[in-house]
Amino acid sequence: PNSAFKGKGFTRPHGNVAQDVPGYLGQLLRSLESDDEMKILIVDDAEFFIPDIEPGMMIPEQLRILSAFTELGLNSSFRSSKNIIILKAHQGTVNRTLLRSGAFRRVYVPLPDEEMRLEFLKHLFKLEKYARPEKDIEIEELACLSNGCKLSDLERIARKGKIEGKPITVK
């Protein structure tokens, strides 16, 4: 979907990402080659576009995407610019070929600790678009029981509860 490619500092490419992912991505990547002002490109669910499989097992579209990222990552004008590409992987890892090429680096973001989850939940429950916990549940208890959850997991649970009209439970 178009929402898979988010960015700051450049205009939205022409066309439909679902019909031509490599072409759409190519337009975005070309805009990152200049070193005008800083641009940030975030590719959500990157493991879908460039899965962690051997290039020989990829479909042609995935190979073109892998090639485009590798070429840009090794491009000297891009490397000397202030531009940033973030490949977000939720269910695994992005293709290791990118890491081996030197074009990208892996950054591990640890899961939030109990204190961070507690602060996040306090903020979340102040917002109207999210479900609240059941009356007999303390926010501190939810923060403790949600060990191993990402903040996006907690947000998704609260959003789903609001849509379904149900409070958040410990189940």
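Trainee: What share of the accessible surface of the protein chain belongs to carbon and sulfur atoms?
Mentor: This is a predicted model, and the values discussed here are computed from it. The accessible surface of the protein chain comes to about 11000 Å². The part of that surface that belongs to carbon and sulfur atoms is 54%.

Trainee: In what order do the elements of the protein chain run from the N terminus on?
Mentor: The secondary structure of the chain comes to 8 helices and 3 strands. Read from the N terminus on, these elements follow the order β-α-β-α-α-α-β-α-α-α-α.

Trainee: How much of the protein chain counts as buried?
Mentor: A residue counts as buried when its relative accessible area is under 20%. Applied to the 171 residues of the protein chain, this gives a buried share of 35%.

Trainee: Which element gives the largest share of the largest nonpolar core?
Mentor: The largest nonpolar core has 22 residues, and those that touch the most other members are Leu29, Leu41, Ile50, Phe69, Ile85, Leu87 and Leu98. Two or more residues of this core come from each of α1 (21–32), β2 (40–43), α2 (46–49), α3 (60–74) and β3 (84–87). The largest share, 5 residues, is given by α1.

Trainee: Which residues is Leu29 in contact with, leaving aside its neighbours within four places in sequence?
Mentor: Leu29 is among the core members that touch the most others. With its neighbours within four places in sequence set aside, the residues in contact with Leu29 are Leu41, Ala68, Phe69, Leu72 and Ile85.

Trainee: Is Ile86 buried, partly exposed or exposed?
Mentor: Ile86 is found in strand β3, and together with Met38 and Ile84 it makes a nonpolar surface patch of about 220 Å². Its relative accessibility is 36%, and values between 20% and 50% fall in the middle class. Ile86 therefore counts as partly exposed.

Trainee: Which side chain of opposite charge is nearest to Arg117?
Mentor: Arg117 lies in helix α6, which covers residues 114–124, and it is buried yet has no salt bridge. Beyond its neighbours within four places in sequence, Arg117 is in contact with several residues, including Pro112, Asn147 and Leu154. The nearest side chain of opposite charge is 4.7 Å away, whereas a salt bridge needs a distance within 4 Å. That side chain is Glu114.

Trainee: Which parts of the structure does the pair of Asp52 and Arg96 tie together?
Mentor: A search of the whole structure finds 7 salt bridges, and one of them joins Asp52 and Arg96, with the closest N and O atoms 3.1 Å apart. Asp52 counts as partly exposed at 29% relative accessibility, and Arg96 is partly exposed at 42%. Because of where the two residues lie, the pair ties together parts that are 44 residues apart in sequence, namely the loop between α2 and α3 and helix α5 (residues 96–101).

Trainee: In the salt bridge of Arg156 with Asp153, how far apart are the closest N and O atoms?
Mentor: Both residues lie in helix α8 (residues 151–164), 3 residues apart, which is about one turn of the helix. Arg156 is partly exposed, with a relative accessible area of 46%, whereas Asp153 counts as buried at 17%. The closest N and O atoms of this salt bridge are separated by 3.0 Å.

Trainee: Which residues do salt bridges that share partners join into one network?
Mentor: Helix α8 also holds Arg159 and Glu155, which lie 4 residues apart, about one turn of the helix, and which form a salt bridge whose closest N and O atoms are 3.7 Å apart. Arg159 counts as partly exposed at 36% relative accessibility, and Glu155 likewise counts as partly exposed, at 24%. The network joined by salt bridges that share partners consists of Lys160, Glu164 and Lys166.

Trainee: What distance separates the C-alpha atoms of Ser101 and Leu74?
Mentor: Ser101 is found in helix α5 and is partly exposed, with a relative accessible area of 26%. Leaving aside neighbours within four places in sequence, Ser101 is in contact with Thr70 and Leu74. Although Ser101 and Leu74 are 27 residues apart along the chain, their C-alpha atoms are separated by 7.9 Å.

Conventions. Residues are numbered from 1 along each chain as its sequence is written. This is a predicted model: local features need pLDDT of at least 70, side-chain atom pairs count only at pLDDT 80 or more; totals for chains, interfaces and linings use all residues. Side-chain values use heavy atoms; hydrogens and water are left out. A nonpolar core is a set of buried Ala, Val, Leu, Ile, Met, Phe, Trp, Tyr and Cys residues joined through side-chain atoms within 4.5 Å. Buried means under 20% relative accessible area, exposed over 50%, partly exposed in between (1.4 Å probe, protein chains only). Contact means heavy atoms within 4.5 Å. Patches are made of residues with over 30% relative accessible area and no salt bridge: like charges are joined within 9 Å, nonpolar side chains (Val, Leu, Ile, Met, Phe, Trp, Tyr) within 5 Å. Accessible areas come from the Shrake-Rupley method with a 1.4 Å probe; for residues, only the protein chains shown count as cover. Lys and Arg count as positive and Asp and Glu as negative; His and the chain ends are not counted.
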